[in-house]
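Please read the following briefing alongside the sequence and the structure. The points are grouped by topic.

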Amino acid sequence: MAFVIGWRDPSEVAAGEPGRSSPNQVTGTSAPSLEPLSVWVRPTTTDPAQYAIAFGRTIWTYDSTVHTYAQWQAAVSSFADSMEAPDSAVVARSMLPYDSQWEELKAHGARATVRDVTARTTPVLEALARDPRAPEGWHGFVVSGTQLSVVDGASTETERQLTVSVVCRPQCSFWSASNELPQ
């Protein structure tokens, strides 16, 4: 049996999905209030690379047998700062699967962890950081890691990458992310 998860790109987020709730609303079914996974806790740091790595860990780690989709969305949203970037929580959540995909994951007892998460910059991201139009304290990284998933008891490993930008003034917060990688 093959099981494929589709991830959204920013244009899909901007266009919305028919039948979905408001883009500013966290969706999902409610369940007992459980503690978040330890990797879901937003760090308090002035280190932009560590903040970007923590975001990657949060979006690539889940356990559908313990937590709800709404809890995962809330954890991802907590990385954003609406004062810094008003739509950043919506963009942060766009890195997660759709709620219907979560229901499939849940039906199959899916869970995932991630290892070897790194953050590196590129010449393109360095140039963007120097651009006078960039917000003060802006940093961009390509975050990579190996996701270990278990679906219906079968384990797989998948290499994950995304581009994440954070703003640190001095504490860091999420600015934006994309599944597109800079050249």
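**Charged pairs and core packing**

Arg 115 is partly exposed, its relative accessible area being 33%. The model is a predicted one, and three salt bridges are counted in it. The points below take up these charged pairs, then the nonpolar core, and lastly one of the helices.

**Salt bridges**

- Arg 115 forms a salt bridge with Asp 116, in which the closest N and O atoms are 3.2 Å apart, and Asp 116 is itself exposed, with a relative accessible area of 54%.
- A salt bridge also joins the side chains of Arg 115 and Glu 157, with 3.2 Å from N to O; because Arg 115 belongs to strand 2 and Glu 157 to strand 4, this pair ties together parts that are 42 residues apart in sequence.
- Glu 157 counts as exposed, at 51% relative accessibility, and salt bridges with shared partners join Arg 115, Asp 116 and Glu 157 into one network.
- The side chains of Arg 133 and Asp 131 meet in a salt bridge at 2.6 Å from N to O, and Arg 133 counts as exposed, with a relative accessibility of 73%.

**The largest nonpolar core**

- The largest nonpolar core holds 35 residues, of which Phe 55, Leu 162, Val 164 and Phe 174 touch the most other members.
- Two or more residues of this core come from each of helix 2 (48-60), helix 3 (69-77), helix 5 (99-107), strand 2 (111-120), strand 3 (138-151), strand 4 (154-168) and strand 5 (172-178), and helix 2 gives the largest share, with eight residues.
- When neighbours within four places in sequence are left aside, Phe 174 is in contact with Tyr 51, Phe 55, Phe 79, Ala 80, Asp 81, Ser 88, Val 91, Ala 92, Val 164, Ser 165 and Val 166; among these partners are Phe 55 and Val 164, which, like Phe 174, are listed with the core residues that touch the most other members.

Notes:
Residues are numbered from 1 along each chain as its sequence is written. This is a predicted model: local features need pLDDT of at least 70, side-chain atom pairs count only at pLDDT 80 or more; totals for chains, interfaces and linings use all residues. Side-chain values use heavy atoms; hydrogens and water are left out. A nonpolar core is a set of buried Ala, Val, Leu, Ile, Met, Phe, Trp, Tyr and Cys residues joined through side-chain atoms within 4.5 Å. Buried means under 20% relative accessible area, exposed over 50%, partly exposed in between (1.4 Å probe, protein chains only). Helices (H or I, at least four residues) and strands (E, at least two) are DSSP runs, numbered from the N terminus. Contact means heavy atoms within 4.5 Å. A salt bridge is a side-chain nitrogen of Lys or Arg within 4 Å of a carboxyl oxygen of Asp or Glu.
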